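Thanks for making the time.

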Amino acid sequence: MKPVYIVGAGMTKFGRSEWSLIKLASVASLAALRHANLGDVPVDSVVVANMGAARVNRQTALGSALVDQLALYPAMAEAVENGPASGASAFKVGCQAIASGMASAVLVTGVERMRVVNGLEGTDFVASLSQPEVEYIYGVTLPSLAGMFARLFMDRFGVERKHLAMIAIKNHENGTKNPYAHIQQTVTMEGILTAPEAAVNNPPIAEPLHLFDCCPVSDGAASLVLVSEEVAAKLAGPKVRVAGIGQATDTHAVHEREDPTDLKAVRIASERAFSMAGATPRDVDVAELHDAFTILEIAESEAAGFFDRGGAHLAIERGETRLDGALPINPSGGLKAKGHPVGATGVAQLVELAWQLRGEAGERQVKGAKTAYACNFGGFGNNVVATVLRREET
Amino acid sequence: MARISELEASLRPPAMDMPLYPPKAITLASGEQMVVRQVERDEVPILLEAIYPLLWVERDFYDIVAARLFGELLAYKRYRVKDEYVLVGLIDGVLAGMVNGRLVDEKTGMSYHTLTIRRGLRVGSHLFAAKMEYHIEHCGQEEVLIVAESPIGFRRWMIEYPLEKRFEVQHELGGVPSWVLPRDTYYGAKPRLVSGRRPVAEELLRGAERIVLPREETVVRQVAGDKEETE
C-alpha cells in the first residue's frame, strides 16, 4: 500500500449559514486547496461526504456538483453517505484511491446544511440512521439513545453529572480558541450544574443528559487535500502522513449488543488503526473524539484505549484531557462547541488534527504534537472510523 | 396650557396602579450575573437605540419583533398605551435583552415581546419567565395572554410551559389567536423555568443602574451570527 499524505486543510466556520450546500463545500475546498498549494498538480479525484442533502436540501450527486463548481473536470468524483461517519468514510475512500495508485491528488470535502429545517425535522432526519423496525418506529432519536446509554454507563462506572459538565466546560473553553467553532461561549460549573438557576440554564433533554451535554445542530464544511508520496515530496511545508485507518461495525440496534456500554466498534476500529500505524494509544499526543453528547467523549476515550474501562472520568477530574493535560482531547472544541454538521464532522476532526500536527492551530496548539487520533462515530456506534495521523519530519 | 394638558390627558389611556417589579439576579450558564429590573420611561431612548439596528435583521423574525417593540416602547414613553411595563436584563450593566407587556385589567395580563441580544445563554427564557412572574406573582393576575411571532418563541412559550389555547381571543399583536398562561400552569412551571435571587447585592444593583449598550455591530453579530465572508 502506498503512503498517503495530508497536505492541505480548510473549513468554513461552523454554525448557521445562509450559503448554499455547494457554496459551503466550495469555500472549504478552496481553503484546503490554497493551503496545499499544489501548483500544477491536478486534483484527479473528489470525494464528498454528506448525510442528509437528498432529504434536507433536495440535492444529490454532490461529488459531480463540487467538481463542476470548482472546474476540476475531468476528475473522478463521488459522494459518500455513512451517517455521522460519512466524513471519515470519505477520507478513507480518498486514501484508498491514493494507496492503490489510482490517484495522486484527492480532494475530500465533508458538508452538511441542516439548519434549513427546524429542530424537530433535523432530529428526525438524524434519527433515520437508527434501526427502522425496533428503534426509529418507536420514536427513538439520537439524544434518547445517548440518554439511555449515559444512564447505564454512569450507573456502572460511577460517572456523575459533574463529569459530563467538566467535558462541556473544557470543550466550550477550547471552542473559544477556535475561530471556526459554532459556539464561542464559555460555561461554568456553577452556571450549568450547581447554581439554583442551572435547572433553567441547562434543562433536561434526555435524562441524564441536559442541554449542555448535547452538541448544537450546525451547518458547515471541511476539506482535506490528500496526495501521494511523490507529490508530497515536491511540496513545501510540514508533512502529515496517514499512518493508520481502522473501521468496524456493530449491531444496528443498540439493545442487541451483549454489553451496550462496550463501544465495540470504537475499540476494534481503533485497534485496527493503531496496528496499521505501528503505534499504541500511548503514542498519541492529541485526539479528536466524536462528542455529539458529552458521555461519548468519556466512553470513546476508554474504548480507544486511552484509559481503562471506568477510568476516563477520573482522568477528566485530574485535568488530563485539557489543552495543557497529558492527552488533550477535542482541542477544536469537539462537536460540543465546534458544532456538528453531520457529513462534515469526520473531515473537520482531521482538519483540526492536520493543523495541530503542522503547528498551525493557533491559541489551541498542543505543543509538540506528533501523533494524532480521531474517532468518527457513526450510527449509535454501529459504524466507526478511527484514524491515526503522524507528522513526518522533513 | 391648561387646554393642552386637558387635551393631552384625553389622549392618554386610563392607568391602573402597577407594582414595581423587584429586581433579581440570575446566574447564567456562563457564570455571569444578569440583573433583571424594570425600566423607567426616561430610559426608553437608550433601548430604542439598541433595537434600531435589528429592524433589518430578518433572521428569527427579529425585524418584526424589533419594529413592534420599537413602537410599543415609544407608546410607553409617550403615554399612548395602557399600563405597559418594560423589564431589562443587564450583564455588568450591558443590555442582554428586554421584555414588555401590559395589564388588560386587574385579572388579565398581555405579553407583548421578548427580545434577546445576548444569545445562547437562555436570556430570553429567563426574561420571559420574569415577565410571567410579574403578572402572576406581583400584579396578582389570573392569566396572561400570549402569542409567538417566531418559531423559537413558540417552542419556548407554547411548548415549554405549556400554554393553553384561548383562540376565541384575538391578541393585540396582529389579531393572532391567543394562548394563555393561567396562574396554576405558571406555578406548575415555576420550578423549571423561573429563577433568580432577591434581594440583589448592592454592588450588582449599582452596576445595573445605568444601561450600557453593546456596540451596534456587536448587537447584530450576537443576534444574527458572524457575517460570512465571500471567497
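This is a predicted model: local features need pLDDT of at least 70, side-chain atom pairs count only at pLDDT 80 or more; totals for chains, interfaces and linings use all residues.

I will begin with one pair of strands in chain B. Strands β3(B) and β4(B) are paired antiparallel, with 8 bridges between them. One of those pairings sets Leu87(B) against Val99(B) in β4(B).

On to the next strand along. β4(B) also pairs with β5(B), again in the antiparallel sense, here over 6 bridges. Within that pairing, Gly97(B) is opposite Thr116(B) of β5(B). The link from β4(B) to β5(B) is a hairpin of 4 residues.

Next, the helices of chain B.

Two other helices pack against each other: α4(B), residues 123–138, and α6(B), residues 183–193, at an angle of about 140° and with their axes 11 Å apart. That angle makes α4(B) oblique to α6(B). The crossing of α4(B) past α6(B) is left-handed. Which residues make the contact? From α4(B) they are Ser125(B), Ala129(B), Met132(B) and Ile136(B), and from α6(B) they are Arg183(B), Tyr186(B) and Leu193(B). Sorted by class, this contact has 5 nonpolar residues, 1 polar and 1 charged.

Now to where the two chains meet. In chain A, 26 residues are in contact with 19 residues of chain B. On the chain A side, α1(A) (21–36), α8(A) (189–194) and α9(A) (198–201) each supply at least two of the residues that touch chain B. The chain A side divides into 12 nonpolar, 9 polar and 5 charged residues.

That brings me to chain A itself. Chain A has an open sheet of 9 strands with mixed pairing, ordered β3-β2-β4-β7-β1-β8-β11-β10-β9. Strands β3(A), residues 76–80, and β9(A), residues 286–288, are at the edges with a single partner strand each, so each has one side without a neighbour in the sheet. Here neighbouring strands are turned by 25° against each other on average, direction ignored.

Inside that sheet, β8(A), residues 239–249, and β11(A), residues 383–392, pair antiparallel over 10 bridges. Gly246(A) has Ala386(A) in β11(A) as its bridge partner.

Helix α15(A), residues 342–358, lies across several strands of chain A, among them β1, β2, β4 and β7, and runs at about 125° to β4(A).

Cys375(A) is in strand β10(A), residues 371–378. Is Cys375(A) buried or exposed? Cys375(A) has 31 C-beta neighbours inside 10 Å, and therefore counts as buried. Leaving out residues up to four places away in sequence, the residues Cys375(A) touches include Val266(A), His290(A), Glu300(A), Val384(A) and Ala386(A). Gly246(A) is 129 residues from Cys375(A) along the chain, and their C-alpha atoms are separated by 9.7 Å.

The other residue is Leu142(A), in helix α6(A), residues 142–157. Leu142(A) is buried because 20 other C-beta atoms lie within 10 Å. Apart from its neighbours within four places in sequence, Leu142(A) is in contact with Val126(A), Ala127(A), Ala292(A) and Phe380(A). From Leu142(A) to Val384(A) is 242 residues in sequence and 16 Å in space, C-alpha to C-alpha.

That is the end of the tour.

Methods: Residues are numbered from 1 along each chain as its sequence is written. Chains are lettered from A and ligands numbered from 1 in the order in which they are written. Axes are lines fitted to C-alpha atoms, for helices over the stretch in contact, and angles run from 0 to 180 degrees between N-to-C directions. Angles under 35 degrees count as roughly parallel, over 145 as roughly antiparallel, 65 to 115 as roughly perpendicular and the rest as oblique. A crossing is left-handed if the near helix is turned anticlockwise from the far one by less than a right angle, and right-handed if clockwise. Two residues are in contact if their C-beta atoms, placed from the backbone, lie within 7 Å. Ala, Val, Leu, Ile, Met, Phe, Trp, Tyr, Cys and Pro count as nonpolar, Asp, Glu, Lys and Arg as charged, and the others, Gly among them, as polar. A residue is buried if 20 or more other C-beta atoms lie within 10 Å of its own, exposed if 12 or fewer, and partly exposed in between; C-beta atoms are placed from the backbone. Two strands pair if DSSP finds at least two bridges between them.
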